[in-house]
Amino acid sequence: MQLLEMVNSLMRRDRAGHAKGLRARHYNVVPVGPRAGLIQWVPGTVPLFRLYKSWQARQQTTEGAEGGTGARPSDLFYDKIMPELQAAGVPPMTSRRAWPHQVLRSVWAQLAAETPRDLVAQEVYCSCVSPADLWAKTRAHARSLAVMSMVGYVIGLGDRHLDNMLIDFASGEVVHIDWNVCFEKGAKLKVPEVVPYRMTQTLQASMGYTGVEGPFRIACEKVLRVLRRNKETLLTLLEAFVYDPLVDWSTDKSDQAGQNIEVHVTLSLLASRVDEVRPLLAATLSRARLHLAPLLQGLGAWAEAKAAERAGTREEEDLVALLKDAEERQARVQWLQSQGRERMVKCNELQPLVEHRWGAAKTSAQEAARACAEAAASQEFALRAVLGGGETQGGTLGGGSIAGFAAAASRLAVQEVSPLSQFAVTLGLPQRGSNAAALTQQTCAKLEDELRAAQARAAIAAQ
């Protein structure tokens, strides 16, 4: 920027007056560190590449997919040159340095024919309000192109792609940015820059009907005359840049230096492309947000519906399980009812047999009771017969007890032993001596046992 300020000062002080009114529009740069600084914003300017992209967008709108394309210039270049190289027999992996010049010229002619010459001229024309305004802007545009082209040629300025050239439609002037590739550093790129400055058919058409043979040529001559006349001043200023230890201006052809320059150029192009598509991305993002809100609502409703469906499915499964359990229980109840009916039928079948057996058992019990009564009577009769009468000192046998009977038998035993012994033999009692009292006690105990047994059988039979 110091160089441009010096050039503007020299042209203002030109004693011959030939270069008055010429200037190189620039901007301020304030370094704050070895790799950082502040760059002034250039207001009211538009990159030339944006004009090209706007034309592509209009082509797509007016002519459709067949006539217009939104491809990048590099894509258009490779789409055309690859078939040409294949037709010329050039291998695909051949370096760009070895591409035939004839093929390159043919592809350039095709691309130039597809791009309108008056692209920039039409934009300048549309920014004017009168013929006088158009003449002034066209003249200022041509003169600014001349000044920047000559200054760039002198200092070896490169990397002049469409994003590094801005145009101010308010005045028609051209502003160059990104001055990193200076002092013939463009010669170290993979594809060396050999042109002194950028001058395409579109820029020629933007300078009016005279093209390069009008104000552009006159301004170029005046600028070169001023630069030659003040070459000592310019060399003194440029030596400070050449010997600056922070910048390498050497023209060494080493691969590392060339790669560094290519990386810088690629990054600058990428930054310009990002700046270009940033408004489009912002608009796309806003539209996406507008469409995303109902989509999120729809997704929420769908998720709720799926959750309700899953809940309904679980409830349905629970109901099916309950119905299945109820069916199983009903089947078991039916089985139990059938078993009950079968057992009822069996009970009905066995009831006559039970009643018959109960009658037989009752009859047997009655017969046993009568037999026991008869046995008791016979035993009583036998005791009376043994004792020789029905009365004793203690009373009758039938009305007394066995104990009374035993006492009477004991008293009689001391008098008569033979009948009692005979009765003991009849009952099956053992006779271990001639003691009548002991024998009488044994007989009475035996009679008591048989009488209790007879009474128990009679009670059981009565039940």
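**A tour of salt bridges and cysteines**

Begin by selecting E173, a residue that is buried, with a relative accessible area of 11%. Please keep in mind throughout that the structure on display is a predicted model.

**First stop: E173 and R23**

Which kind of contact do the side chains of E173 and R23 make? They meet in a salt bridge, with an N to O distance of 2.8 Å. E173 sits in the loop between β4 (165–167) and β5 (174–176), while R23 sits in the loop between α1 (2–12) and β1 (29–33), so this pair ties together parts of the chain that are 150 residues apart in sequence. As background, side chains of opposite charge can pair when their charged atoms come close.

**Second stop: D168 and R25**

Next, select D168 and R25. Are these two residues buried or exposed? Both D168 and R25 are buried. They form a salt bridge in which the closest N and O atoms are 2.6 Å apart. D168 belongs to the loop between β4 and β5, and R25 to the loop between α1 and β1; the pair therefore links distant parts of the chain, 143 residues apart.

Now move to R58 and E123, whose side chains meet in a salt bridge at 3.9 Å, N to O. Where do the two partners lie? R58 is in helix α2 (residues 48–67) and E123 is in helix α5 (residues 119–126), 65 residues apart. R58 is partly exposed, with a relative accessible area of 39%. E123 is also partly exposed, its relative accessible area being 22%.

**Last stop: the cysteines**

Finally, turn to the cysteines. A disulfide is a covalent bond between the sulfur atoms of two cysteines. How many disulfides are counted here? The count comes to 0 disulfides. Select C126, which is in no disulfide; the nearest cysteine sulfur, that of C128, is 8.8 Å away, whereas a disulfide requires the two sulfur atoms to be within 2.5 Å. C126 is exposed, with a relative accessible area of 59%. End the tour at C220, which counts as buried at 8% relative accessibility.

Key:
Residues are numbered from 1 along each chain as its sequence is written. This is a predicted model: local features need pLDDT of at least 70, side-chain atom pairs count only at pLDDT 80 or more; totals for chains, interfaces and linings use all residues. Side-chain values use heavy atoms; hydrogens and water are left out. A salt bridge is a side-chain nitrogen of Lys or Arg within 4 Å of a carboxyl oxygen of Asp or Glu. Helices (H or I, at least four residues) and strands (E, at least two) are DSSP runs, numbered from the N terminus. Buried means under 20% relative accessible area, exposed over 50%, partly exposed in between (1.4 Å probe, protein chains only).
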